[in-house]
Each structure stands twice: as structure tokens, then as C-alpha cells.
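Come along and look with me.

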Amino acid sequence: MAIHWFPGHMNSTRNAINDRMKAGLDVVIELLDARLPGSSANPLLAKLTEGKPTLKLLNKQDLADPERTAMWLDHYNALPDTRAIGLDASIKAPAQALIKACRELAPLRGGMVKPVRVLICGIPNVGKSTLINTITTKRIAKTGDEPGITKIEQKIVLENDFYLFDTPGMLWPRITIEESGYNLAASGAIGRNAFEEEEVALELLARLRQHYAGQVEERYKLGDVAGLSDEELLTAIGRKRGAMLSGGRVNLQKAAEVLIYEFRQCILGRITLETPAEFKQWAAAADAAEEKRKDKTAKRRKQAAEDRAPAAAKAEPAPKDS
């Protein structure tokens, strides 16, 4: 599923990040969803802030599989100029952990003459506004469960020599990794008008039955789901949750909405939809497919140009005899 969802304010965010880079920046904080750390890492942000030390914050770790969270933290901490820490609502002093990690990434900055300048970014609905409200102990950022709440850049002084610049959530114009598109939609990072709930629910079930079948069986009081197709499993869930139409038919749209909601609210249990190894495979396959697409486009354009050339030659008037 190729996702194209890039509201106008996201283009403004891209411009704001470019301006911030020109004005001076020491560290980039990228807030990730711990349930999909690879899919929620913005490749456009990586290009915009290339060369800057990065702190990866795996937010909502209390909703994610703890074993897989540890795998992702190890993965990111092994990268150069990168630190990664996990966050959730139970952490009482997130600001101190954040400030400490950023100072370690920018050891030559500090003091009133050279304050640490930090940009915090993330995809929509990843919990950035909630985090900022927590670390500043007051509500300065709007929060909500729909993507795209923050619309303007904010400057926040966390300490006398530590400035945090907040930007609106930003996706990238074209999500080429198909699995990432589904995971982002399931998490709530993408507006509802950009995807079909039933399609996303079926892909979510395919992931859940592979790694978390027991949690699905327990939640919906089902037997062994191994013998069911994804469609049959969604139908069974809809029947168990009372998503019914006249004539005893299951309302698959309603069943899909129920499944996605219960995943987002952690009612199904702590789940992470991808491992570093899985995401690496998805990205490699997407890169190969993108190269094929570009090659096909180039060949088509070349052929079109060759086809036009003879016609243009015929249209030229014949030279006159001298």
C-alpha cells in the first residue's frame, strides 16, 4: 500500500527545519513509536539534518514488546553519532534523561555563550506534544489522538543554556516501504482519509498471527487461529465483538475499526510490529522495487523520445535545390 499523505503544513515543517539548520543546530531528537521504530523513522528528516548527532526517543515503550524494544535500542545505539533511549508515561523525569543524552552528543556546547540547540521532530501522533507538556510541567503544546495537531515551531527553554525547538509532526511525501505504510496507518500516524481500515486490519492480523497469535486468541476468545485465513480471522473477530449486519452477516468495516482501535489502545497487549532485521529486509525490497520503477520510467521516456524523433524529421521541409 503506497501512502500519499502530505498536508500543506508538513511542507511548511520541512522549510522550518531547513531554516533551523541554517540558523544553527547541535542535536536532532527524533521521537519514534516504540511499536514501529523503523517505520516511524522519517527518511526525509535524515536527509534534512544529515551530519547532525541524533537522539532516538522510543516513545510509548509501555505499549510495545519489551524484548523487541531492547533490540531496537541496541540497533540504534550501535549507529555512529546516535543515542537511543526508551520513554513512556511512567518515567517521572524525562527532561533530565533527554538533556543528559543531548549534552553527551554535543560535548563542546554548553553555557550561555554556546547554548545547546536541539530540534525535536517526529511523525504525527507519536506523542511529541504530550512529551513536551510533561517535560515543561505545563500545557504549551496541544495534544490529541489525530495526526497533525501542532502547526507551528515553538522554542522551549529547558535550562538556561538548553534550547529545544519543537516542530509539527511530519511524514514524507511518498512511503515506498509497503509494510511501513500499513504499520503507520495501524498506529494512527496517518489520517483516516488516506487508507482503508479493512485493508490495514488484514495486514495487521497477518503480523499479529505470526508473532502474537496467543494474544489474539485470548482477547477474542478464539481457538487456534493457525488454520484461518486473515479474512476468516477478521470475520471471527467481528462476530465475537458484535459487529453484525442484518441476516447474520459480519460488518467487516466495523470489525476492522475494532481491531485497529484495540491495537492502538494496547488492549491486545504489548506489541511491536517489526524487528530491525525485518525492517532491513523490507527496506531492501522497497529500494530494489524503486530502482526497477525508475529504470522502467527512464526506458519509457527514452522510447517516447525516439518515437518522436522520426516524426519531427518528416515534418522538416526538404532543402531547396540551389
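Below are my entries on a helix, a charged patch and a serine.

**Entry 1: the model.** I noted before anything else that this is a predicted model.

**Entry 2: helix α9.** I looked up α9, which spans residues 230-240. Which of its residues are buried? I found Leu233, Leu234, Ala236, Ile237 and Gly238. Then I checked what covers these buried residues, and the cover includes α7 (197-211), α8 (213-220) and α10 (252-264). Following on past the helix, I came to Gly242, whose phi is positive, near 75 degrees.

**Entry 3: the negative patch.** Which element gives the most? I found that it is α7, with three residues.

**Entry 4: Glu203.** I picked one patch member to look at by itself. Glu203 lies in helix α7. Is Glu203 buried or partly exposed? Its relative accessible area is 31%, so I wrote it down as partly exposed.

**Entry 5: Ser180.** My last stop was helix α6, residues 178-187, where Ser180 is found. The relative accessible area of Ser180 is 2%, so I logged this serine as buried, since buried means under 20%. What does Ser180 touch? Leaving aside residues up to four places away in sequence, I listed Ser39, Ile175 and Phe279.

Methods. Residues are numbered from 1 along each chain as its sequence is written. This is a predicted model: local features need pLDDT of at least 70, side-chain atom pairs count only at pLDDT 80 or more; totals for chains, interfaces and linings use all residues. Side-chain values use heavy atoms; hydrogens and water are left out. Buried means under 20% relative accessible area, exposed over 50%, partly exposed in between (1.4 Å probe, protein chains only). Helices (H or I, at least four residues) and strands (E, at least two) are DSSP runs, numbered from the N terminus. Contact means heavy atoms within 4.5 Å.
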